[in-house]
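Hi everyone, thanks for coming. Let me put a structure up on the screen, and then we can walk through it together.

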Amino acid sequence: MRLVRPSLEWEKEHRTYKEEWGSTRMIPSCFNLDGFDSYEAYLDDLVKKEKGLGKWLPFSSYFLVNDENRVLGMLDIRHELNDFLYRIGGNIGYSVRPSERKKGYATFILSEALDKCRELEMGKVLVTCDEDNTGSAKVILNNGGVEAHSEKDSDGTVKRRFWINL
Ligand SMILES: CC(C)(COP(=O)(O)OP(=O)(O)OC[C@H]1O[C@@H](n2cnc3c(N)ncnc32)[C@H](O)[C@@H]1OP(=O)(O)O)[C@@H](O)C(=O)NCCC(=O)NCCS
């Protein structure tokens with residue numbers, strides 16, 4: 001398994017992942033394909049956002065790919081925190097393809113993400129999850145997360161917040 005950057009090579013896999021995901025908004029949101037006329041347009045936009053465009057702070061996005069070149073998961077590393085990310089979003093977002101869940105892939109993605117964060121000399125990272133997201137909380141604890149105070153999102157969702165020292 002390896003992390004790869006989004007590119008045209010992964011368009012078909014990205015689209016089948018989206019089909020499996022269904023109609024709800026993709027997590028992490030930078031992988032959302034809605035509103036783009038073509039995959040090229042999506043990639044152009046992603047490159048700009050990754051550098052920090054408008055409300056976006058600089059970030060890096062990756063697919064987790066297996067040896068059969070199947071996209072198993074998605075990862076977004078936000079290099080800095082603003083007030084919203086500090087309270088709600090955190091530094092790292094991830095998801096696993098619905099048919100591939102509960103096989104340890106999210107735990108692996110977060111551990112690989114932490115290596116990328118070390119390369120970026122981030123020192124410590126904040127990872128958050130919804131109060132009822134038992135799976136994600138376990139993924140964070142599996143990777144050394146130390147729980148801090150929770151915060152409430154504007155829609156009332158309680159976010160659990162964990163720091164991981166690098
Ligand atoms: C949350 C999510 C990333 C977990 O991915 P995953 O690959 O299934 O996670 P793992 O296989 O690494 O599981 C880690 C642990 O959580 C447990 N777990 C996973 N999903 C679970 C669930 N729905 N309910 C309870 N426990 C769960 C696993 O059994 C495992 O337990 P263990 O460490 O005791 O063995 C995945 O369900 C997902 O993509 N959800 C939608 C997007 C999302 O919520 N992203 C996180 C945003 S904070």
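Let's start with N142: an N or O atom in its side chain is 3.0 Å from an oxygen atom of the ligand. Please keep in mind that this is a predicted model. N133 also brings a polar side-chain atom to the ligand, 2.8 Å from one of the ligand's oxygen atoms. How much of the ligand does the protein cover? On its own the ligand has 920 Å² of accessible area, and the protein covers 71% of that.

Now, who is standing around the ligand? There are 21 residues surrounding it, and the closest are V96, K102, G104, T107 and N133. Sorted by class, this shell holds eight nonpolar, nine polar and four charged residues. Which element gives the largest share of the shell? That would be α5, with six residues.

Let's zoom out to the pocket. The ligand sits in the largest one. Two or more residues of the shell around the ligand come from each of β4 (92-96), α4 (105-119), β5 (124-130) and α5 (134-142).

As for the largest pocket itself, its volume is about 1,400 Å³. Its lining counts 41 residues, and I27, P28, R78, G93 and Y94 lie nearest the centre. Here β4 provides the largest share of the lining, five residues. By class, the lining has 18 nonpolar, 12 polar and 11 charged residues.

That's my tour, and I'm happy to go back to any part of it.

Key:
Residues numbered from 1 in each chain as written. Predicted model: local features only at pLDDT ≥ 70, side-chain atom pairs only at ≥ 80, totals over all residues. Heavy atoms only, no water. Near = heavy atom within 4 Å. Polar contact = N/O pair within 3.5 Å; in protein donor to acceptor, adjacent residues only side chain to side chain. Areas by Shrake-Rupley, 256 points an atom, 1.4 Å probe, with all protein chains shown as cover. 1 Å grid on protein atoms, 1.4 Å probe; cavity = no way out; pocket = protein on both sides within 12 Å on 5 of 7 lines; lining within 4 Å. Sits in = over half its atoms within 2 Å of the grid points. Helix = DSSP H or I, 4+ residues; strand = E, 2+ residues; numbered from the N terminus. Nonpolar A, V, L, I, M, F, W, Y, C, P; charged D, E, K, R; others polar. Points joined across faces, edges and corners; volume = space filled by probe spheres on them.
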